[in-house]
Each structure stands twice: as C-alpha cells, then as structure tokens.
Amino acid sequence: MTAPSAGEPHEAGSRPGSSGTLWRQADFRNYALGQGISVAGSGVTLVAVPVLAALQLHASTLQVAGLAAAGRLPPLLFTLHAGVLVDRWPKRPIVIGCELASGAVLASVPLVSLVTEPSLAQLYAVTFLVASLQVLGSTASTAFVPQLVERHQLVEANARLGTGNSLADTTGSNLGGLLVALLGGACAIAADSLSYLLSALLLMRITTPEPAGTEPEQPTSMLADIRAGLTYTLRTPLVRAAVLSNCVNASAMAACAALWSLFLLRNLGWPPTVLGLVMGAGGIGGVIGGITGRHLAARFGPGRVIITALALSPVCQLPLLLARPGAAGQWAVAAAMAVQTGCAVAGGGLLRSIRQLIAPPELQGRAQSSGMWLAFALRPLAALLAGVLGAAIGLRPTLAAITCLLAVPAWMLWRSPICHLTSLAVTGAGPETALPAQPAPAVESAAEPGAPTAILFRDQPS
C-alpha cells in the first residue's frame, strides 16, 4: 500500500457537501452513525463480559481485574506504532479493516458457546485482541476526522460525535443488561460482533478523498517517527498539560472500572439488568455534555469548562462509595454517573479539538497516538493494582483511594496554560478562525510569541 504524505488540509468547500450543517453532509453522517453503532455494540459487551466472568465463570476479584488489565495493555504496547502507521497509510481503510477484524474475534465467543462454555482464557484472548485492533482503529479514526470536516467545524464535529456516542452508549448498556438477562453473556456479545460489521459497511460509503501526497525524500525509521511524535507532544505546552493530566485521570478511571461493576454485582447484589440501566444513565449524561460543552466553552472559556469538568469527577464518585443495597443507592449512582460522563464528554471533546487543531497535518496520527500512549501507559498497572488492593483491603476502601486520586488532574490543569484558555477562535465561524497548525517539534510556550494566535488567554495571575 502506498503511503500518502500528510498534505495540506483541504481548502474550505473542497470536501463533498462541505456547506451547511454537519448532519447534512452524507460522509459525516455515515461516519457518525458507524461510530455510534460500534459504540452501542461495545456497550453491550461492557456489561456482558463482567457478568459472564463474575457470575457464570465464577472469576475471582483478581481474575476480573486481570481481564480489565488485558483490555488496557494493548494501548501501552501498540499505540505509538499505530500512530506511525496511520500517518503513513490511508486512514479510512485502516478503520474499516479493524472494525471487520474486531467483529470476527468477538464472534468466537458466541460460536464457542454453541458447543461448550467459554473459558476465562478465551475471554482474556478476545479482550486483548479486540483492544489491540481498536488501538489502531481508534487512532486512525481520530486522525481521519480533520480530513472529513473543515477545520472550523472540528469543535462542532467532536461535540456531535460525543453526543451521538453517549446516546449510543446508553442504548448499548441498556440493551446489554436486557440481552444478558434473556440470552446470557456469551450470546449478548454476538450483538457487538454484528455492530462492528454494520459500522464497517457505513464507513465504506464515505467518499471524501484523503489527501494525496508525495513520498518523503529520505524514508525514516519507525523509531524516528515515534520519537518525532513524542517530541511534539512533550514540547507543546497545551498538549503536554492535557496529556499528563489525562495520564493520572485515565489511570484512576481504569482502576475504578476494574472493580466497580464487581462491587455493584457482588457487594450490593445488583442484578445485571440494573447494572445495564445504571451504566446507560452515564450515556444520557454524555448526551447532555456533548450538547452543552461547546456552548459553555463559548460563554465561560474552554479552560474553565475543562477544569470544572475534571473537578466534578471525584465528587461524582461519592454516591458509589456511600451506596447501600436498594433502589435509593441505584438512583444515586445513576445520577452521579450521568454527571460524571457528561463532564467527561464536554471536557474531553474540547481537549480533543484543541489537539487536532494545533497538530500539523503530517503529525495528526502520531500526535494523537503519542498523547494516548502517555495518557494510558499506566492503565494496565492501575487495573492490576486495583485488583490486588481490592482483594487485600476490600473493594470499598480501594474505591475510596481511587476517588482521592481523581482530584489530582483538575489541580494539574489549574496550574497549566489550559487554565487561562478563554477561546479557540478569534472571530467569526469561518475556516480562517481555526487554530493554525504548529510546526513540529513545537518548542514555544503557548503564551509566548509565535504560538497560535487563535488561542486567547486571560492575564496570568501575579
């Protein structure tokens, strides 16, 4: 496959259907719908796998945490390489191939269940393989969005994608609880396998051409390309602050995710259907966050919105720590999850837009993958450590320690340039207002001369 160079972004109006709202653009609709279907299917599996492991296969606390770690190990191993491949090859075929392969791997679980009971070893293998494929697929998908829409539409595009994916996650989680109750965990996973196929078919309908470029004069090694992406990420102040805070946040959330469903299923005795409904409440919050995030950023400034969203995350953990068996605890946890997910979608969409707008076109894949790798490097260790602590001191004390850790990211960004970020654009809504790409490697502070002129800061506190 011939590797395209990263050419200049398309000029305004160069994409098919680039005028009008995003939902009127057929290619964006197909992309967003495909992503939503895939997310809905993953929501089913997110409910089905813990139930299958904990209730049907009687996995221990450490084994369930190990299953979570298996899904978080591929980002550590493969993300940097994925960024290089995405910058070298066309992005849409990568996404389609990963969707089809993920569906085939997941289909092995319901197929085996027709003959015998799936094993924990198979669940570990399936979880690891699907996560590995999605490392490459999600990197390509994120880097493809700036080619699919105009640069001045990126904030809106990410907000709409966040809204749609949250709605899909709600549907998937609720459907997952229902399917698990009716068919069992193994058969419910078949729905996720089908969702990947449908997503791939929709992505095949996209006609927006990817920029054609020339081969580099001097081919570089993968190691050199990886180093360039890491250098850019660590030397661009806005990106560095976002990534380092996300490293702490992602580790804490990975530790929480390894235990919280087990805590609700075993300690509080929740049925799988209730677990699915509560997880679906998070999706509703995500929809609200996706709708309101960019409007709040326009009124209060993206810096304030991002930091406030992170600051609310540990507060939303309190109902989980204080929950007792019964409907009152279920409603409290559902409401808290809705707020937490809404904050994550609102703040995360703004941070993603900033990184996409700042990154040079030829570094989009590596810029995203370097940030993901640095942010998610500790997730497998965090999940395993959570399992060890959960087995040693109990699930509730471990979740309390994780809640304290979730307060750190907001403090980190409060002390960073992001705290003073008041706008993503200077004037109007045209493409000329988008953040210009920074040269790589970026070495200037975002508050110094030479930084993007479209980022506005409040006066630094004395």
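Axes here are lines fitted to C-alpha atoms, for helices over the stretch in contact, and angles run from 0 to 180 degrees between N-to-C directions. With that in hand, the predicted model can be explored through helix α2, which spans residues 61-88. Two packed helices are described by the angle between their axes and the distance between the axes.

One partner of α2 is helix α7, made of residues 222-235; the two pack at an angle of about 100 degrees, and their axes lie 9 Å apart. Because angles of 65 to 115 degrees count as roughly perpendicular, α2 is roughly perpendicular to α7. On the α2 side, the contact is made by Leu80, His81, Val84, Leu85 and Arg88, and these meet Met222, Asp225, Ile226 and Leu230 of α7. By residue class, this contact of α2 with α7 comprises 6 nonpolar, 1 polar and 2 charged residues.

Helix α14 (residues 379-393) also packs against α2, here at an angle of about 175 degrees and with 8 Å between the axes. Angles over 145 degrees count as roughly antiparallel, so α2 is roughly antiparallel to α14. Thr61, Leu62, Ala65, Gly66, Ala68, Ala69, Arg72 and Leu73 are the contributions of α2 to this contact, while α14 supplies Arg379, Pro380, Ala383, Leu384, Gly387, Val388 and Ala391. The residues of the contact of α2 with α14 divide into 10 nonpolar, 3 polar and 2 charged.

Side chains of opposite charge can pair when their charged atoms come close. The structure holds 4 salt bridges, and in one of them the side chains of Arg366 and Asp87 meet at 2.8 Å, N to O. This pair ties together distant parts of the chain, with Asp87 in helix α2 and Arg366 in helix α13 (residues 364-376), 279 residues apart.

Turning to the surface, a nonpolar patch is formed by Leu100, Leu194, Leu197, Leu198, Leu201 and Met204, which together have about 500 Å² of accessible area. Helix α6 (residues 185-203) provides the largest share of this patch, 4 residues. Another member, Leu100, belongs to helix α3, which covers residues 91-113.

Technical notes:
Residues numbered from 1 in each chain as written. Predicted model: local features only at pLDDT ≥ 70, side-chain atom pairs only at ≥ 80, totals over all residues. Heavy atoms only, no water. Parallel < 35°, antiparallel > 145°, perpendicular 65-115°, else oblique. Contact = heavy atoms within 4.5 Å. Nonpolar A, V, L, I, M, F, W, Y, C, P; charged D, E, K, R; others polar. Patch = residues over 30% accessible without salt bridge, like charges linked within 9 Å, V, L, I, M, F, W, Y side chains within 5 Å. Areas by Shrake-Rupley, 256 points an atom, 1.4 Å probe, with all protein chains shown as cover.
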